[in-house]
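Open the model in your viewer and keep the selection tool at hand. This short tour goes from one stop to the next.

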Amino acid sequence: MTTRVTLRRTLIACGLLATALVFAVVAMALIGSEALPARASLCAIVSFGTADCGLGRDQYDILFQIRLPRILLAAAVGGSLATAGASYQALLRNPLAEPYLLGVSNGAAVGTMIALVFFGANEWSRPVLAFAGALIATLAVYQLARGRAGATPERLILAGVIVTTFLSSAIVFVTTLMDATRIRSFTFWLLGDLSGTTQTLLPVAIAMTVVGTVGLTLNARSLNLLMLGERDAFDLGVEVGRVRMVVFVVASLLVGSSVAASGSVGYVGLVVPHLVRLSLGSDNRITIPAAALGGALFVIVADTVARTIIAPRELPVGAITALIGAPLFIYLLKRV
Amino acid sequence: MVLILLANALACTRPPKTQSESQGASLTQQLTDDAGRNVTLPARVERVITLAPNLTEIVFAIGAGDRVVGNTTYCDYPAEAKNIAKVGDTLHPSLERIIALRPQVVIVSTASQLEVFTQQLQSQNIAVFVTDPHDLEGVFKSIEQIGRMLGEEQQSQALVQKLRARTSAVEEAVQRVPPVRVFYQVSNEPLYTAGRDAFVTDLMRRAGAVSVTGDVPGAWPKFSNESALAARPDAIILPTGGSMGAANANVAEALRNSPAVQAGRVYKINDDHLARPGPRAVDGLEEMAHALHPEVFK
């Protein structure tokens, strides 16, 4: 009975969010540093670029080669980070758990930078090493956070701070291995930059987001029970160790693929799941898929601000998400 | 380590200049630098540290390279400059190293972190001379200033005269043809370009080019891919092959179908000639002009 009600609520919530997401993709595709004729652009998008809507060759390229791929990447990155955040929060029973704050994003960033410095020619090395970095950082934080008294929220955040600062130093160290002329672009990328949408990484990021979200949603019931505490969950038949590994690996895949494509976009995994929980409750069967859609929506809008507010120059999208996320973090910290 | 400590100790205990010394017109010289500061220096400067590659190149070009006792890890030209003691890079010089090398003057570009740095050196009786060339005129001014400082006025004036002649030759030649609309790609991912305040923007103008990003605020703005595409440049300049190494050798994705690429007008030019406001900037000017307007340089 409850399952059926949940299923219906999930479908309604996700249906609404998915509709909003589609609208956002289309609407944000009409905005950019170059003005495109709105009606013709709309016609071109709706027909998936097949109809002749009177767009010039360059306008067509701007829309389909630059703007839409970037928006899709924003969606994938936002979806990944929000889903990862939602599942960390459930698994670790900590409202402040977030890929960026736990150092997982920095782990992935170190992996990506190592790939760039040592295996620059091989584009696939980036997501692979980013995943490895994210997973290592996750396991390190988890081990550090487990004290004799168990993992308290404060201890977890402290562990995250330690891992984050350690990895930041590692990033500084790797940048010194680069020549001066490349450092500026790396710094920009580190703050979260969606402008480098490549034909290899975009499909990887989208596929990871979909697979990861589905994978974590399938574990949502176990995560619900885990929110009662590991021992209670175990007594209720949850294979705690297996679920924990699944969440760590899948979340690392999600964070790794987004960081490899776009650097560290912070606070998405914090802001979005909390907004979702505030409006839809804390059942992970709803929270996780809704967070994925909401995260996509959030980063698409944030990136539209980043690429238009000082056009034709650009800001890193991470600056926008942090401007929104940090005050919310403070608010949540006061409530913990 | 002991040596550094010793040198430090020596520097600290060295007696301050006597009145007669600092007032004696024959023993000291007064110069005004680009930051508008009055700098007092010994009349004959024997020990110089240059804190940027363009400054090292200037000092060598006026024949005073043997007086450079320290420079930065970026200073790789001329070849002799590589063998001089390194004091760190332009942004992070080691004060201890500088003091240990006992220079009479440290020549800096505004890229260094000046305030604290200047104070610390001045407390060690080491003068700091600031240069800030924004354009080719500024480079000529820096060459003349440094020539005066090092007592190589004739050499520096001769050099500036030669560089001016080469510059005017280029400018006169390109005046006869319409300027080319150029996109200057600093890096392709993420896309960076040269803005209003970049040294190279002035250089492009003199080379018979109009930078399509010449009005964008800042020196090195992060640029929108779609605006780059919409700018439809007729030529693209890729600064690469110098300090950049193999980096930046490819045109950004957004410019793959630009008129520049379709016409095969993508030019790789040694980034050290374009990004360093020193004597070789005129090489960069000539290379750009020859690439963009081959017809007038037959």
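## A strand and its two partners

Start on chain B. Select β5(B): B:Val105, B:Ile107 and B:Ser109 point one way, B:Val106 and B:Val108 point the other way, and all are buried. This is a predicted model. The strand spans residues 105–109 and is mostly covered, with 5 of its 5 residues buried.

Now select β6 of chain B, residues 127–131. β6 and β5(B) run parallel, joined by 5 bridges. Which residue of β6(B) stands opposite B:Val105? Select B:Ala127 and you have the facing residue.

## A loop residue

Leave the strands and pick B:Ser94. B:Ser94 sits in the loop between β4 (68–70) and α4 (95–100) of chain B.

Is B:Ser94 buried or partly exposed? B:Ser94 is partly exposed, because 14 other C-beta atoms lie within 10 Å.

Setting aside neighbours within four places in sequence, B:Ser94 is in contact with B:Val87 and B:Gly88.

Last, draw a distance from B:Ser94 to B:Thr72. The two are 22 residues apart in sequence, and their C-alpha atoms are 9.9 Å apart in space.

Definitions and conventions: Residues are numbered from 1 along each chain as its sequence is written. Chains are lettered from A and ligands numbered from 1 in the order in which they are written. This is a predicted model: local features need pLDDT of at least 70, side-chain atom pairs count only at pLDDT 80 or more; totals for chains, interfaces and linings use all residues. A residue is buried if 20 or more other C-beta atoms lie within 10 Å of its own, exposed if 12 or fewer, and partly exposed in between; C-beta atoms are placed from the backbone. Helices (H or I, at least four residues) and strands (E, at least two) are DSSP runs, numbered from the N terminus. Two strands pair if DSSP finds at least two bridges between them. Two residues are in contact if their C-beta atoms, placed from the backbone, lie within 7 Å.
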